[in-house]
Amino acid sequence: MRPVRLMKVFVTRRIPPDGWAALARAADCEVEHWDSDEPIPAKELERGVAGAHGLLCLLTDRVDKRLLDAAGSNLRVISTMSVGLDHLALEEIKKRGIRVGYTPDVLTDTTAELAMSLLLTTCRRLPEAMEEVKNGGWSAWKPLWMCGYGLTQSTVGIIGLGRIGQAIARRLKPFGIQRFLYTGRQPRPQEAAEFQAEFVSTPRLAAESDFIIVACSLTPATKGLCNKDFFQQMKSTAVFVNISRGEVVNQDDLYEALTSGQIAAAGLDVTTPEPLPTDHPLLTLKNCVILPHIGSATYGTRNTMSLLAANNLLAGLRGEPMPRELKL
């Protein structure tokens with residue numbers, strides 16, 4: 001008998017156990033991986049992907065023309081362990097007939113939970129309050145000491161009423177939100193009906209919202225959307241939260257808005273770059289809460305993401321329907 005030729009798979013990082021186990025069981029694949037939790041250097045990635053039939057990558061791995069050229073003509077499937085796709089050169093991938101799998105839905109609830117945590121942490125000034133306890137600032141009760149902003153009877157603006165935006169709105173409803181506004185590429189009346197949410201222009205959303213949550217995809221239209229003009233339209237008591245992508249926000253303009261009192265506070269789970277340098281001006285501000293992009297960071301969600309990414313990859317290599325394939 002002629003030996004069965006194995007398909008080469010390259011994985012750009014250590015992935016959670018469920019996904020790794022699925023790959024390890026694949027008798028028709030030879031799996032190589034970058035054995036580290038840290039991002040793979042570009043040269044090592046080019047070396048590892050050379051001749052590969054399948055690539056399992058993360059959102060920190062830029063898959064551009066140069067990398068695709070390094071991979072060569074064998075590459076048939078790219079599976080990314082992410083919902084976001086801005087790290088993939090999709091037009092170039094489409095041109096080469098490469099199939100793409102991704103991991104939507106499985107992190108929707110987890111990311112919405114994080115958005116709620118970040119919103120409440122920011123608007124109620126929890127990091128400041130904790131620091132006051134530690135540094136001796138907590139003394140006698142004072143009527144206005146450490147006051148923040150409450151959600152009840154407020155107007156919440158959501159930029160991007162997709163899966164995650166809807167999940168956030170669903171969690172906000174029990175807080176007694178008076179009105180939901182949303183903006184995006186087009187109205188979504190069927191989805192908005194659950195929240196009686198009104199589709200408005202971006203300037204109107206900025207001007208009328210007490211809390212703004214950014215949950216849109218990064219596209220040419222949304223890159224730099226939240227800039228000086230946007231922040232100038234916001235209320236001075238408004239709180240801004242971004243859980244989408246860092247490049248949606250002009251961070252210099254955000255810094256100016258926070259230091260000048262143009263807006264009250266901001267909470268960010270995403271920045272540009274990532275990680276944010278420790279000497280970045282935003283990190284000096286008490287009214288800016290920054291997290292290290294942990295929207296999907298629960299053990300269960302990351303395991304589910306890794307398994308879906310692995311199953312997408314294996315199905316694509318075998319010419320089968322992927323559980324979640326991006327239609328290019």
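Domain 1 and domain 2 of this predicted model bury about 750 Å² between them, 48% of it on carbon and sulfur atoms. Buried area here is the accessible area (1.4 Å probe) that two parts lose on being put together, summed over both. On the side of domain 1, Asp86, Asp105 and Thr301 lose the most area to domain 2, together 59% of what that side buries.

The model is predicted, and local features need pLDDT of at least 70, side-chain atom pairs count only at pLDDT 80 or more, and totals for chains, interfaces and linings use all residues. Residues are numbered from 1 along each chain as its sequence is written, and side-chain values use heavy atoms, with hydrogens and water left out.

Domain 1 consists of residues 7-105 + 299-326, and domain 2 of residues 107-290; these bounds come from an automatic or database domain assignment. The C-alpha centres of the two domains lie 32 Å apart. Nine residues of domain 1 are in contact with six residues of domain 2, where contact means heavy atoms within 4.5 Å.

Five residue pairs across the interface are in polar contact, both residues at pLDDT 80 or more. A polar contact is a pair of N or O atoms within 3.5 Å; within protein, one must be able to donate a hydrogen and the other to accept it, and residues adjacent in sequence count only if both atoms are side-chain atoms. The side of domain 1 that touches domain 2 has four nonpolar, three polar and two charged residues. In this scheme Ala, Val, Leu, Ile, Met, Phe, Trp, Tyr, Cys and Pro are nonpolar, Asp, Glu, Lys and Arg are charged, and the others, Gly among them, are polar.

Two salt bridges are counted between the domains, and the whole structure has 23. The criterion is a side-chain nitrogen of Lys or Arg within 4 Å of a carboxyl oxygen of Asp or Glu. Two of the salt bridges in the model are listed here.

| Salt bridge | Distance, N to O |
|---|---|
| Asp86 and Arg245 | 3.1 Å |
| Asp35 and Arg14 | 2.9 Å |

Helices (H or I, at least four residues) and strands (E, at least two) are DSSP runs, numbered from the N terminus.

The unreviewed UniProt entry annotates residues 116-295 as "domain: D-isomer specific 2-hydroxyacid dehydrogenase NAD-binding"; such annotations may be inferred rather than shown by experiment. Over residues 116-295 the chain is 31% helix and 15% strand, with the end C-alpha atoms 10 Å apart.
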